[in-house]
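The sequence and the structure are shown first.

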Amino acid sequence: MAVQGRPLRQGDLALVRAAKRALERGFDRERHTVAAAVRTRSGMVYLGLNLNGIHTPCAEPVAMGAAVTRGDREMEVMVAVKRKGKRYRVLSPCGTCRQLLFDYSPNASVIVRFRNGRVARLTVGESLPAAYATFDDKRTVPRTPRQGRGDAEPARGRRHSVHG
Ligand SMILES: [Zn+2]
């Protein structure tokens, strides 16, 4: 079944507006065409613009980096906005940026635009089914299944039987 997402809340709309304002201030056709806004659990909003050079980070990690730099690591919602002509539109964060959000805050949400133009809010986990889990973190990684009897510690049993 296709992921539907949930309608944006008031706070999400404010976050979209914050990203739009950041892009209005910093837009540069050659270098800065996307802005991101991240709200953390503390209620703070952090902004970022994409950077364009030899390496070209998206706007989202720039915004996340601003939050982390302030010691504010629990991301709650993230959105990216792109300018097209004179209009500003929500842009779905790329897979790399969703994964980064997932790595920091697996319970965070991401605002996305579906192909039909509908804008909605998903949990970042919903946006990345079977997400790669980079850290051995019980929040994101299921426990390693127990191995069958005899597989995990066969040597001990044998050694014991030799000396027994
Ligand atoms: Zn990205």
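A crossing of two helices is called left-handed if the near helix is turned anticlockwise from the far one by less than a right angle, and right-handed if it is turned clockwise. In this predicted model, α2 passes α3 in a left-handed crossing. The axes of the two helices, α2 (residues 59-69) and α3 (residues 95-104), come within 9 Å and cross at roughly 25°. Angles under 35 degrees count as roughly parallel, so α2 is roughly parallel to α3.

| Helix | Residues in the contact |
|---|---|
| α2 | Glu 60, Pro 61, Met 64 |
| α3 | Cys 97, Leu 100, Tyr 104 |

By class, the contact of α2 with α3 has 5 nonpolar residues, 1 charged residue and no polar ones.

The chain as a whole has 5 helices and 6 strands, in the sequence order α-β-β-α-β-β-α-β-β-α-α. Of its 164 residues, 30% are buried. Among contacts between residues at least 6 apart in sequence, 53% join residues at least 24 apart.

The largest nonpolar core has 37 residues. Ala 19, Ala 35, Ala 36, Ala 37, Val 79 and Val 81 have the most contacts inside this core. Elements giving two or more residues to the core include α1 (10-26), β1 (34-40) and β3 (75-84), and also α2 and α3.

Which residues does Ala 36 touch, leaving out those up to four places away in sequence? Among them are Ala 19, Gly 48, Ala 59, Glu 60, Ala 63 and Val 79.

Conventions: Residues numbered from 1 in each chain as written. Predicted model: local features only at pLDDT ≥ 70, side-chain atom pairs only at ≥ 80, totals over all residues. Axes fitted to C-alpha atoms, helices over the stretch in contact; angles between N-to-C directions. Helix = DSSP H or I, 4+ residues; strand = E, 2+ residues; numbered from the N terminus. Parallel < 35°, antiparallel > 145°, perpendicular 65-115°, else oblique. Contact = placed C-beta atoms within 7 Å. Nonpolar A, V, L, I, M, F, W, Y, C, P; charged D, E, K, R; others polar. Buried ≥ 20, exposed ≤ 12 C-beta atoms within 10 Å, placed from the backbone. Core = buried A, V, L, I, M, F, W, Y, C linked by C-beta atoms within 7 Å.
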